[in-house]
Each structure stands twice: as structure tokens, then as C-alpha cells.
Amino acid sequence: MTDAPIDWEHLFRRARAVARHAYAPYSGYHVGAAGLVDDGRVVEGCNVENASYGLALCAECSLVSALHSSGGGRLVAVAVVAGRDVEDLQPGKPCGRCRQVLYEAGGPGLRINERYTLGDLLPDPFGSDALE
């Protein structure tokens, strides 16, 4: 499956749809992520804010949770969108924490928003090899 062309339009459409479900009462900033799994599934996640700001969940972390709760696998491509206007969500880059979480789920070759690989965005990741 990893050699098949990636339907970025479909991933961005799914990311925009799930971003509408974001729980963002404090920032008003909606983030959605849709990821293509190596078995062809698409998993999604949105941000979930919390009154204790540090406990907020990013869309990409929610996406990785959905990946594992739906059977696991490896992420091949992820589309991320963000913005305050849910009618005009634009591509956005994952934060540093999310880059690290995505690294574990897809590795340095994981495609992000069609333009980047995770290796481009996270040049010196902390991986399981650091624990050996």
C-alpha cells in the first residue's frame, strides 16, 4: 500500500471535516488531522482543549490514538489543517510534541501535508534506538 499514490485531496477533506468536531472553547482554534495507514485505512483526530491548558490534546495525538485503537499499523501520510474559521481551515504544521508522537507512528519518511516528510520537520528525533 505504501507505494500507491496518496489522495491528498481526500485526506485534507477528512481533516477539515473532523476539525469541525474539535473542542476548542478557549482558543477557538480548530485543528484536524487525517492519516493514511499502510493498510489503506484513514484515521482522524481533532484537538481537545482543557481548562488546565497543559492537558489539551493535539489533533495529531488524537490521530495516533485512533490509529492504535483501530488496529495499529504505520502511518504513511498525514494531512493537518487548522484555523479559527471552520469554513476556511488551512494546512498547518504539527507542533514539536506532535512531530515526536508522529515519528513513533510513521518514522522519518511519513509524508506531512504533501510538501514535507517528518524527517524534514524533525531532523534529530528521539526514537526507540535511544532506549537501548
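**Close-up views of a predicted model**

**View 1. L102 and its contacts.** Leaving aside residues up to four places away in sequence, L102 touches E60, L63, V64, L75, V78, P94, G107, L110, I112 and L118; contact means heavy atoms within 4.5 Å. This is a predicted model: local features need pLDDT of at least 70, side-chain atom pairs count only at pLDDT 80 or more, and totals for chains, interfaces and linings use all residues. Residues are numbered from 1 along each chain as its sequence is written, and side-chain values use heavy atoms, without hydrogens and water.

**View 2. The largest nonpolar core.** This core has 21 residues. A nonpolar core is a set of buried Ala, Val, Leu, Ile, Met, Phe, Trp, Tyr and Cys residues joined through side-chain atoms within 4.5 Å. Buried means under 20% relative accessible area, exposed over 50%, and partly exposed in between (1.4 Å probe, protein chains only). L63, L75, V78, L102, L110 and I112 touch the most other members. Two or more residues come from each of β1, α2, β3, α3 and α4 (118–121). Helices (H or I, at least four residues) and strands (E, at least two) are DSSP runs, numbered from the N terminus. Another core, of 12 residues, lies apart; L11, F12, A34 and L89 are among them.

**View 3. Helix α2 and its cover.** α2 spans residues 59–69. Its buried residues are A59, E60, C61, L63, V64 and L67. Their cover includes β1 (30–37), β2 (42–46), β3 (75–83) and α3 (96–106). G71 follows α2 and has a positive phi, near 125°.

**View 4. α2 against α3.** The two helices pack at an angle of about 20°, with axes 9 Å apart. Axes are lines fitted to C-alpha atoms over the stretch in contact, and angles run from 0 to 180 degrees between N-to-C directions. α2 and α3 are therefore roughly parallel to each other (angles under 35 degrees). E60, C61, L63, V64 and L67 of α2 meet R97, C98, V101, L102 and A105 of α3.

**View 5. The loop between β5 and β6.** N113 lies between β5 (111–112) and β6 (116–117). Its phi is positive, about 50°, although N113 is not a glycine. N113 is buried, at 9% relative accessible area. E114 is found in the loop between β5 and β6. E114 has a positive phi of about 70° and is not a glycine. At 45% relative accessibility, E114 is partly exposed. Most residues other than glycine have a negative phi.

Definitions and conventions
Angles under 35 degrees count as roughly parallel, over 145 as roughly antiparallel, 65 to 115 as roughly perpendicular and the rest as oblique.
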